[in-house]
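Please open the model in your viewer and keep the sequence panel beside it. The stops below say what to select next and what is there.

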Amino acid sequence: MNDGSSNASSPFTLAVCAEMVFKSLPVVDRLKRITELGFHAEIWDWTKHDIATLARSGAIFSSMTGYVIGTLADEEGADELLRTAKQSIPIARELNCPRLNLHGTGLDGQGLPVVKADKVTGAMWLKARDTLNRIAELGEKEGVTFVLENLNETVDHPKTPFAKAEDTLALVSSVNRPALKLNLDLYHAQIGEGNLIELCRRALPYIGEIQVADVPGRMEPGTGEINYKAIARALKDMGYRGTIGMEAWASGDDETALARFRDAFTV
């Protein structure tokens with residue numbers, strides 16, 4: 001692990017999504033800047049990248065999207081999710097990336113659900129749990145961890161099934177297997193639910209990673225309404241020592257945005 005200056009006074013490992021900062025640079029150069037500044041790195045859809053080039057970048061990867069297509073709650077979609085999750089594992093190994101991210105359904109280029117849900121039925125819940133059991137079994141067999149991310153329906157991802165943190169927590173806790181954890185995204189949770197510190201406390205045994213951005217605007221901590229300093233102190237006090245990833249746009253200068261992120265989680 002790169003124990004750079006960003007983590008010297010933080011109990012957390014700090015990571016930055018390379019898809020959202022230093023946008024004027026090619027991705028490999030974004031990764032190099034993120035690494036030089038002492039952060040781990042995250043990417044989205046691996047099919048859109050030259051993996052060999054990314055592997056040579058020197059970046060320490062924290063997470064990546066762990067499937068290409070698929071959905072949790074129908075038979076054909078579940079099979080596609082498993083098939084493309086299997087395809088993602090060798091890529092994760094090449095990048096030495098420990099966590100593979102999942103959603104309730106695949107998202108299109110605008111972040112909209114490929115399979116929309118006006119409501120989630122009991123049968124869909126049971127099928128989603130079955131699919132995640134299969135995913136957890138795959139993760140255990142292959143030695144990787146899949147993480148299920150909550151989203152928000154109000155602003156970014158309308159009609160996404162199992163979007164709320166309450167939904168993802170219910171599913172992951174019901175499966176309760178070591179290769180399936182939560183990617184608890186506090187930006188999405190603030191929009192959808194709020195009560196973030198208590199949410200973190202209830203979700204703590206199942207958290208694989210926490211992602212952050214401020215509300216409104218999905219920019220770095222300190223630009224909106226979320227008191228990330230208080231959340232950082234609470235996470236430290238409750239014993240969380242994992243990764244916190246900034247999945248946010250920079251409100252202005254990228255390096256300033258990353259410095260604000262670092263400051264928010266230096267406690």
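Select Phe22, which lies in the loop between β1 (13-17) and α1; helices (H or I, at least four residues) and strands (E, at least two) are DSSP runs, numbered from the N terminus. This is a predicted model, in which local features need pLDDT of at least 70 and side-chain atom pairs count only at pLDDT 80 or more, while totals for chains, interfaces and linings use all residues. Residues are numbered from 1 along each chain as its sequence is written, and side-chain values use heavy atoms, with hydrogens and water left out.

The phi of Phe22 is near 50°, a positive value in a residue other than glycine. Most residues other than glycine have a negative phi, and most peptide bonds are trans. Is Phe22 buried or exposed? Phe22 has 8% relative accessibility and counts as buried, where buried means under 20% relative accessible area, exposed over 50%, and partly exposed in between (1.4 Å probe, protein chains only).

Asn96 is exposed, with a relative accessible area of 65%.

**Stop two: the barrel and strand β3**

Now display the strands as a cartoon: eight of them close into a barrel in the order β1-β2-β3-β4-β5-β6-β7-β8, with parallel pairing, and the twist averages 25° from one strand to the next.

Select β3, which is largely enclosed by the rest of the structure because five of its five residues are buried. On one side, strand β2 (residues 40-42) pairs with β3 in the parallel sense over two bridges, and the bridge partner of Glu42 in β3 is Ser63. β3 is also joined to β4 by three bridges, the two strands running parallel, and here Met64 has Leu100 of β4 as its bridge partner.

Strand β7 (residues 207-212) is mostly covered, six of its six residues being buried. Strand β6 (residues 180-185) pairs with β7 in the parallel sense over four bridges, and Glu209 in β7 is the bridge partner of Asn183. Strand β8 (residues 243-246) runs parallel to β7 and is joined to it by three bridges, with Ile210 standing opposite Ile244 in β8. β7, helix α8 (residues 228-238) and β8 make a right-handed β-α-β unit.

Follow the chain into the loop between β7 and α8, where Pro216 lies, and inspect the peptide bond from Val215 to Pro216, which is cis, with omega near -5°.

**Stop four: the lining of the largest pocket**

Finish by selecting Trp44, Asp45, Leu107, Asp108 and Gly111, which lie nearest the centre of the largest pocket among its 41 lining residues. A pocket here is an open set of points on a 1 Å grid over the protein atoms alone, where a 1.4 Å probe fits, with protein on both sides within 12 Å along at least five of seven lines, whereas a cavity is a set from which the probe cannot get out; lining residues have an atom within 4 Å of a point. Which element gives the largest share of the lining? That share, three residues, comes from β3.

Methods: Pairing = 2+ DSSP bridges. Right-handed = clockwise from strand over helix to strand, strands pointing away. Axes fitted to C-alpha atoms, helices over the stretch in contact; angles between N-to-C directions.
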